[in-house]
Amino acid sequence: MKGVKGRLLKKLNFIPTINSLKQGLPLHLNPSQKLPNYKSQSLSIYRDHEDHNSDNILEIVLGNIGVPGDHKGTKDLKDDQEMEMELEFNVVGDKEKFTTSLESKNTEEYPCLTDFGDKCPPGGENSVIFYTTSLRGIRKTFEDCSSVRFLLQSFKVAFDERDISLHLEFRDELWRLLGGRVIPPKLFIKGRYIGGADEVVGLHEQGNLKKLLEGIPPSLSNCPCNGCANIRFVVCFNCNGSCKVFKDGDINNDEILYVRCPDCNENGLVKCPICC
């Protein structure tokens with residue numbers, strides 16, 4: 001180990017340092033060597049390297065071969081100075097624009113309910129009405145309804161979900177409000193039309209949906225309804241979903257034995273007596 005260490009130290013001693021390289025640079029240049037483009041001039045540089053600073057080697061070399069000492073030139077210096085000033089100006093301008101944009105964003109007010117259209121569904125003056133569909137025929141429509149429902153449930157607010165596929169009265173009500181054959185989901189908050197899935201998700205991503213839901217009573221039940229499992233409709237108890245009941249009174253042979261059930265809707269369903 002001692003022999004290996006000694007050989008390693010000897011090799012390290014032979015490695016030249018930066019100062020020795022700078023001082024040895026002019027010694028390697030042959031004073032009698034002539035440049036091809038400047039035959040009448042010789043490289044008589046650094047004969048006495050102790051009289052000069054090592055940082056001026058480049059200026060001395062260029063001066064001896066005919067290039068002025070200020071090899072960069074005043075024009076290049078001016079161009080560099082102008083470029084530096086322009087860069088500083090651009091940086092300052094961008095910084096000012098960034099600060100002004102931040103100030104404008106901070107001073108920008110959040111949207112309030114009065115900014116949305118005044119279209120109040122029945123019973124929606126102080127509540128949240130959510131028109132949806134449980135049909136899965138169109139996948140995007142079903143996924144949009146599920147997204148809006150998930151957002152409302154995550155805020156733990158009470159909302160009235162109206163499924164237009166289970167009750168045609170809800171569909172006609174929605175079409176009458178918006179003036180056309182529209183597709184769910186559609187959300188209304190305190191008599192104001194908020195929009196569909198894209199608008200609701202966009203408000204949530206901006207952090208504004210929570211502001212619009214302020215003042216809505218919270219949802220107290222964390223478990224599904226025992227009667228309808230939160231579907232809000234059950235099978236009619238009168239006709240058992242057939243939409244037909246027997247006619248009362250005396251019935252002749254020519255008369256119809258049954259009539260339309262007056263309690264259920266077109267699907268043989270009635271609203272859940274527990275949660276609705």
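## Close-up views of a predicted model

View 1. Phe188 stands opposite Tyr193 in β5. This is a predicted model, where local features need pLDDT of at least 70 and side-chain atom pairs count only at pLDDT 80 or more, while totals for chains, interfaces and linings use all residues. Residues are numbered from 1 along each chain as its sequence is written, and side-chain values use heavy atoms, leaving out hydrogens and water. Strands (E, at least two residues) and helices (H or I, at least four) are DSSP runs, numbered from the N terminus. Two strands pair if DSSP finds at least two bridges between them. β4 and β5 run antiparallel, joined by three bridges, and they form a hairpin with two residues between them. On its pairing with β2, β4 also runs antiparallel, with four bridges; here Phe130 stands opposite Leu187.

**View 2. The two faces of β4.** In a regular strand the side chains alternate between the two faces of the sheet. In β4, Lys186 and Phe188 lie on one side and Leu187 and Ile189 on the other, and all are buried (under 20% relative accessible area; exposed is over 50%, partly exposed in between, with a 1.4 Å probe and protein chains only). How buried is Phe188? Its relative accessible area is 1%. Leaving aside neighbours within four places in sequence, the contacts of Phe188 include Pro121, Val128, Leu174 and Tyr193, where contact means heavy atoms within 4.5 Å.

**View 3. A nonpolar core.** Such a core is a set of buried Ala, Val, Leu, Ile, Met, Phe, Trp, Tyr and Cys residues joined through side-chain atoms within 4.5 Å. The largest one has 19 residues, and among those touching the most other members are Val128, Leu152 and Leu187. Elements that each supply at least two residues of this core include β2 (128–132), α5 (139–154) and β4 (186–189). Look for Leu152: beyond its neighbours within four places in sequence, Leu152 is in contact with Val128, Phe130, Val157, Phe159, Leu187 and Leu213.

**View 4. Helix α6 under cover.** Which residues of α6 (residues 168–178) are buried? They are Phe170, Glu173, Leu174, Trp175 and Leu178. Their cover includes β2, β3 (160–163), β4 and β5 (192–195). Just after α6, Gly179 takes a positive phi of about 70 degrees.

**View 5. The loop between β7 and β8.** Leu257 lies in the loop between β7 (244–246) and β8 (258–260). Leu257 is partly exposed, with a relative accessible area of 46%.
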